Amino acid sequence: MKKIEAVIKPFKLDEVREALSEIGVNGLTVTEVKGFGRQKGHTELYRGAEYEVDFLPKVKIELVVPDSLLETAMDAVIRSARTGKIGDGKIFVTSIQQVVRIRTGETGEAAI
């Protein structure tokens, strides 16, 4: 099993969720986060004063998938989150050793 963590632009969340649903991903966790990468933030004008915004709003999506679904899930996220502009985000993949569904006690892929 693999855990996919994707940091994307907030307005792309619905598209990514729909793309993952179409390939059979049943559950995911979404967190509102702030950060920056190569774009290094930007400057804004507020009431006549210019100020720098270092951290940009992003959305972090976390999901666990069987190894057989990893590439398909990554492709779905990439295809649906891409705008072609700087700040589209990143995907991180890590291995998951064990999963337990608390309610039923199911373990492994049955608990995903």
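1. A contact here means that heavy atoms lie within 4.5 Å. In this predicted model, contacts between residues at least 6 apart in sequence were counted, and 73% of them join residues at least 24 apart.

2. The protein chain holds two helices and six strands. Read from the N terminus, the order of elements is β-α-β-β-β-β-α-β.

3. The overall dimensions deserve a look. For 112 residues, a compact globule would have a radius of gyration near 13 Å, whereas the protein chain has 17 Å. Along the principal axes, the C-alpha atoms fill a box of roughly 60 × 25 × 20 Å.

4. Of the 112 residues, 31% are buried. The accessible surface of the protein chain is about 7,600 Å², and carbon and sulfur atoms account for 50% of it.

5. Strand β5 (56-65) is mostly covered, with seven of its 10 residues buried. β5 runs antiparallel to β1, and seven bridges join the two; in this pairing Lys-2 stands opposite Val-65. β5 also runs antiparallel to β2 (residues 29-35), again through seven bridges. There, Thr-31 stands opposite Lys-60 of β5.

6. Which residues of helix α1 are buried? In α1 (residues 13-22) they are Val-16, Ala-19 and Leu-20. These residues lie on the same side of α1 because they cover an arc of only 95° around the axis. Their cover includes β1 (2-8), β5 and α2 (70-81).

7. One backbone detail follows the helix: just after α1, Gly-24 has a positive phi of about 100°.

How values were computed. Residues numbered from 1 in each chain as written. Predicted model: local features only at pLDDT ≥ 70, side-chain atom pairs only at ≥ 80, totals over all residues. Heavy atoms only, no water. Buried < 20%, exposed > 50% of the residue type's maximum accessible area, 1.4 Å probe, protein only. Helix = DSSP H or I, 4+ residues; strand = E, 2+ residues; numbered from the N terminus. Arc of directions from axis to C-beta. Pairing = 2+ DSSP bridges. Rg over C-alpha atoms; globule rule 2.2 N^0.38 Å. Areas by Shrake-Rupley, 256 points an atom, 1.4 Å probe, with all protein chains shown as cover.
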